[in-house]
Amino acid sequence: MGSNKKKEIREFYDQLGGRLYDIRYRDEQKIKYGKLLNMIHLKPHYLILDDGCGTGLLMKSLKTYAVGIDISGNLIFTARKRLKRRNYASLIISDAEELPIRSNIFDIVFSVTLLQNLDDSVKSLKEMKRVVKEEGKIIVTALKKAFNEFIFKKLLETACLKINEIVLDDAFDWMALISSC
Ligand SMILES: C[S@@+](CC[C@H](N)C(=O)[O-])C[C@H]1O[C@@H](n2cnc3c(N)ncnc32)[C@H](O)[C@@H]1O
């Protein structure tokens, strides 16, 4: 968790805090979740990772066991409050570039609006690939203002991930359903 960019990103989200994060981004993020959840059929026994989970907005809408990871302690604090009545959610303060999780355990990995924050998005995508089961799926969104289509696809290809489906008609985000190569 060493670089300057990482420190700045963590401080930005810590200072923003969960309440303001939700006020500013909740509606926008919820529209994305609707589209993402349409791309996949979630089975009740699935184990899910929400990588860069923020305040737990996506996790709240999931009915299956989910683990959320985020670098911001303050956003995780809000996520803990949001999910406190659920006994099927775990939250960890950690770095998406070095997931403290053993390999091959998740059925689905979500990564929603995380990539633009990272020093090394390919490293983080490789981590997602490592922790997802062979037959599992990864769903990644990326801001169009941060990545053009060529770069987004190139990142996935470099991490040895295969796009199964990509949403092209969304105005602000790339959304890809991915499997391991
Ligand atoms: C735009 S927010 C999206 C949050 C959440 N996915 C949502 O849908 O509301 C980006 C999130 O990435 C987290 N983040 C940034 N860099 C990270 C890193 N290296 N590892 C883990 N989380 C990180 C931030 O703390 C923030 O919660």
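Which residues come nearest to the ligand? Out of the 23 residues around the ligand, the answer is Gly52, Gly54, Ser72, Ala96 and Asn117. Keep in mind as you look around that this is a predicted model.

**Around the ligand**

- Helix 1, which covers residues 4-38, gives the largest share of the shell around the ligand, with five residues.
- What kinds of residues make up the shell around the ligand? Sort them and you get 13 nonpolar, six polar and four charged residues.

**Strand 4: covered up**

- Now jump to strand 4, which runs over residues 106-111.
- Strand 4 is mostly covered, with five of its six residues buried.

**Strand 4 and its partners**

- Strand 1 (residues 47-51) pairs with strand 4 in the parallel sense, and three bridges link the two.
- To spot this pairing in the structure, look for Leu49, which stands opposite Val109 in strand 4.
- Strand 4 also pairs with strand 5 (residues 132-143), again in the parallel sense, this time over five bridges.
- Here you can look for Ile108, which stands opposite Lys137 in strand 5.
- How does the chain get from strand 4 to strand 5? The chain crosses through helix 4 (residues 121-131), making a β-α-β crossover that is right-handed.

Terms used
Residues are numbered from 1 along each chain as its sequence is written. This is a predicted model: local features need pLDDT of at least 70, side-chain atom pairs count only at pLDDT 80 or more; totals for chains, interfaces and linings use all residues. A residue is near a molecule or strand if its C-beta atom, placed from the backbone, lies within 6 Å of it. Helices (H or I, at least four residues) and strands (E, at least two) are DSSP runs, numbered from the N terminus. Ala, Val, Leu, Ile, Met, Phe, Trp, Tyr, Cys and Pro count as nonpolar, Asp, Glu, Lys and Arg as charged, and the others, Gly among them, as polar. A residue is buried if 20 or more other C-beta atoms lie within 10 Å of its own, exposed if 12 or fewer, and partly exposed in between; C-beta atoms are placed from the backbone. Two strands pair if DSSP finds at least two bridges between them. A crossover is right-handed if, with the strands pointing away from the viewer, the path from the first strand over the helix to the second runs clockwise.
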